[in-house]
Amino acid sequence: MSLIVDNKSAVTQNLLEQLQKGSGKIAFIPDAEIISAIRHLENKGIPNNKHEDYKYCNIEAVLRKEFKSVEQSFNELTNADIAPLKLEEAINLVVVNGNYNESLSEKIIVKGLTVKSLKDISSSQKTLLSSQAKSDTDALIALNTAFSNNGLFLDMEKGNVIPMPIHVIYVNSGNTEIVVNTRNFIHIQANAEVTLVESFFNTGSSKVFSNFVSEKFVGENAKLNCFTFQNEGPLSYSVNTNQVKVNKYSTYSNTTTTLGGELVRNNHNVELAASNCEVHLNGLFITKGTQQVDNHTLIDHQMPNCESNELYKGIAKDKSVGTFNGKIFVRKDAQKTNAYQSSKNILMSDDATINTKPQLEIYADDVKCSHGTSTGKIDTEALFYLKARGIGEESARKLLLQAFAQELIDKIEIPSLQERVLHLFEKTL
Amino acid sequence: MISIKNLHASIGEKEILRGINLEVKAGEVHAIMGPNGSGKSTLSSVLAGREDYDVTEGEVTFNGKNLLDLSPEDRAREGLFLAFQYPVEIPGVSNINFLRTALNEIRAYHGQEEMPAKDFLALVKDKSKLVELDSKLASRSVNEGFSGGEKKRNEIFQMAMLNPKLAILDETDSGLDIDALRIVASGVNKLKSKDNATILITHYQRLLDYIVPDFVHILYKGRIVKSGGKELALELEAKGYDEIKKEFEIAD
Amino acid sequence: MANEILEEHIQNEYKWGFTTDIAADEAPKGLNEDIIRFISAKKNEPEWMLEFRLKAFRNWLNMVEPQWAHVHYQKPNFQDIIYYSAPKPKKELASLDEVDPELLKTFEKLGISIDEQKRLTGVQSNIAVDIVFDSVSVKTTFKETLAEKGIIFCSFSEAVQEHPELVKKYMGMAVPPTDNFYAALNSAVFTDGSFCYIPKGVRSPMELSTYFRINASGTGQFERTLIIADEDSYVSYLEGCTAPQRDENQLHAAVVEIITHKNAEVKYSTVQNWYPGDKEGKGGIFNFVTKRGICLEDNSKISWTQVETGSAVTWKYPSVILKGNNSVGEFYSVAVTNNYQQADTGTKMIHIGKNTRSTIISKGISAGFSNNSYRGLVQIKKGASNARNFSQCDSLLMGDKCGAHTFPYIEIKDKSAVVEHEATTSKIGEDQLFYCKQRGIDNEKAIGLIVNGYCKEVLNKLPMEFAVEAQKLLAISLEGSVG
């Protein structure tokens, strides 16, 4: 028993030491929060599969096995490196190894929009910082809080509507094993509307452990429409945490597509802190080889008359593992809540695994909440029908899988991103 | 049988019934017609005791009792039956079990013994013929998976079983094809007697070809604006509601 | 109005809360190896049985109470419990006349007859009953009738003496003594329970039943049930339970094991009505039970049906390990919680064999200040080709002070598996209530009717006598919950 505890703290301790060596800390997060973060890490350690929330995603083992010698030797990137990652109809911003890179980013002049480094924000802009991502709730948030670099700050002033999407390219690149704690802070003020694409890449030749934390605030009657695109490749292990808070009459939506990355863990926690708001979370993954994708969502209904919808679909090939763990939490005051959650998965191989844990925790009585999950193989009847019409086994299979995913691909309203997803999706099939 | 005097009712802030006066005697059939939104369904809901409505003024006497003082179940036990416009589905509760509970509750209210199972089943068999209701429907869950026509026939079947003094048929003809309409109407006609009364609430004259009313009332914007014999319905059919609207336009 | 109903509910609550004035033969409080030796000696057990207990006890010492369930309670003090309490006099009962008349009265109050003659001639159908009073089996009825068919139905203690080879072979097969904290505790200190063996090719001519009652104060009940269905056999087994009303929390940590051989089927039905505590949440039984069956061989079937209305805290997951090919597991559950009751209950379906099938239907109803959780695991192991599972978990909330939760875990490692899970949470529809009232049915009756309708899929799976009892129990448990 005691052996396990020692081992756990050894991994955490080792990591803390390695990271502390290389960090020239920029103090944009209050000291008290950083101290609390380090305390949490020292006490609880990096979670392993004994931790209920990380049952199917052993982060501690990944760090222990894959990141033995973290040296934090980073690559510099040029415009040529970034060009292929851009989206043509968007304003492209670039964050390299956790630091907002203004020279690689496109210049923006949009009314009401402020984009800058976290180190440059004013004290009034600091007030909400780390209020939504609390170190004492999760070790990975704590890790990010303690070691995050100079991330991105984005603020949209009251009543402004952005004419085109903003595309933030998060790219990591190292010469040795690196651990990157990328952080951002997105604030959409009342009555404003923003479409945001966040893409994740690894262009280096070494393993990257990426620990991303994003705090997103959506003001009264505001709209934030997000698309997350994950294609980090086989050398990447990432935990992506979105801590979102939505206000009265606001709408928040996110569609996440996961195509690459050896391990991708997504924590998407949305707090519906006021009445009459609307949240949509969607996700699509296709995994192959020994990939692991783990989508965790928490929809926290605190006030009445809100609506939430979740639709997650996954296809697991080879020896890959796909997990969906979603909780709908309806508190006492959240009467007239409508919450729906659906998770559908297809297993393509006998060595692949799908885990699902859809949860409802409900304390208000006048609500409509439901979830459904199904896991199965490809519909053999449909397959036969297509074959009987002369379509070969292979193309018939692809056709059906594409049909399965189409519902989610359709949600990606940005043509060049949709094309990118579709292309990679077909390639993976 | 029922006497409605100056009945005002509202839902939330909005007043829907604005002074209804109506007198129905045993043996009579009254039809209440009116355009959409005139308050027809509100009237039936208020009489049955639906809690969404507030009665703000007026009185209703039913068999000498103050109807508005009674709970919905006691109104039913006193002999007021509402055939719902949209009958509710109750999954898992069989029609038979539902009816037996209702029947015995009503009997208990009147100080009668429970009906023996044998008699009850005989009654079911007898009354289901009246509306040509498939006996299979009786054992299915209340209204669950019933077609529109089956639901309406089931309402009349329940009416036959509970033998009310006053039956209020709320748009029972809506959504029925001509055959179903004929079956429902013949059921209602057979149940008619000198001791009971019927109020038909309908939008169209069509139903009145099958169930001939003694009186026809036109409801518009929460008031009965015109009353007459069965010829009033024909007149209404010929002229349409627009004529009425013009004639009785009242400021909101 | 609401107050009146509540008052009535208080008057009405827990009809089974009487105690019986019988002298009991008890062990001293507390738990250590000596107590276990004491229990074993009292029961005149062979050495291997004592060894089994001691091994379990030593394991238990290193285990911690599970914390993951969605329940909160003051942990029992395991040294403050009497682990053995037997009604005196403890001598072999030759006939019914020798049963303590006080005890007979108790069972009359419970509505259970242990008078075989009455059952044989009466209108009630034949049910053989084994009655476990506190920790000891007091009487098993119909033993001889069953013996003619080769069915062994007796107390666990008797089985240890008379059929050691069967007990040795099967005990711990479905629930190993190291399985979990409470199973380990039970394995160490269990005092009695029921044992049942259905031989090859035999369909039990009657339903077998165990009735459990905790009577003495300060005791825990730790009984153990072992059911073995040999090839081509069938049995339907019923379990009922009640306890007196007491201010203290009493612990019930039982183990039930079922083993089915080729083509065999066991249907296990429970109506659990342990004392739930008073309306303030004081007292009541902690019901921490491990129930598990193994479909050991091909084409066998295990079906759990439970109606849970009692206990202050319930922690219970009747499960099926589907080892044989084409084997079938079923779980049908209604769990009602009212006042301050807490329930965390569900099932595990572990698919190992090919073409295995499982069905889970769970209906939770929460009222008052209670919390009701479904927790379940569906696991499709690699190689369990063409496994199928369908789960439906519905929750009904009555009032806004209670909680209803669903925590299903689904783990699939075979591509040919098809697993579907659906869950909904809702309240009783106002329109349904109004419809009933318009037909002359009052609020309480209407709720009873609608709730029974909502639970029908599960109630239908119960044997007739039990279904009637369960329906009444549902109505009583929910009385006064909606004003």
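**Figure 1. Contacts of I199(B) in the predicted model.** In this predicted model, I199(B) touches V24(B), H30(B), I32(B) and I168(B), leaving aside residues up to four places away in sequence. I199(B) belongs to strand β10 of chain B, which covers residues 197-202. I199(B) has 24 C-beta neighbours inside 10 Å and therefore counts as buried, the cut-off for a buried residue being 20 or more. S44(B) is 155 residues away from I199(B) in sequence, yet the C-alpha atoms of the two are 9.3 Å apart in space.

**Figure 2. The six-stranded open sheet of chain B.** The strand order is β6-β9-β10-β3-β11-β12 in chain B, and the pairing is mixed. The edges are formed by β6 (80-83) and β12 (223-228) of chain B; each has a single partner strand, so one side of each has no neighbour in the sheet. On average, neighbouring strands of this sheet are turned by 20 degrees against each other, direction ignored. At one end of the order, strand β11 (residues 215-220) of chain B runs antiparallel to β12(B) and is joined to it by five bridges. Within this pair, I218(B) has K226(B) in β12(B) as its bridge partner.

Figure 3. Seven bridges link strand β1 (residues 2-11) of chain B to strand β4 (residues 54-62) of chain B in the antiparallel sense. S3(B) stands opposite T61(B) of β4(B).

**Figure 4. The contact between chain A and chain C.** Here 32 residues of chain A are in contact with 31 residues of chain C. On the chain A side, the elements that give two or more residues are β19 (353-362) and β20 (368-376) of chain A. The largest share of that side, ten residues, comes from β19(A). By class, the chain A side that touches chain C consists of eleven nonpolar, twelve polar and nine charged residues. Strand pairing also crosses between the chains: β19(A) pairs with strand β23 (residues 403-412) of chain C in the antiparallel sense, over six bridges. T356(A) stands opposite I410(C) of β23(C).

Methods. Residues numbered from 1 in each chain as written. Chains lettered and ligands numbered in written order. Predicted model: local features only at pLDDT ≥ 70, side-chain atom pairs only at ≥ 80, totals over all residues. Contact = placed C-beta atoms within 7 Å. Helix = DSSP H or I, 4+ residues; strand = E, 2+ residues; numbered from the N terminus. Nonpolar A, V, L, I, M, F, W, Y, C, P; charged D, E, K, R; others polar. Pairing = 2+ DSSP bridges. Buried ≥ 20, exposed ≤ 12 C-beta atoms within 10 Å, placed from the backbone. Axes fitted to C-alpha atoms, helices over the stretch in contact; angles between N-to-C directions.
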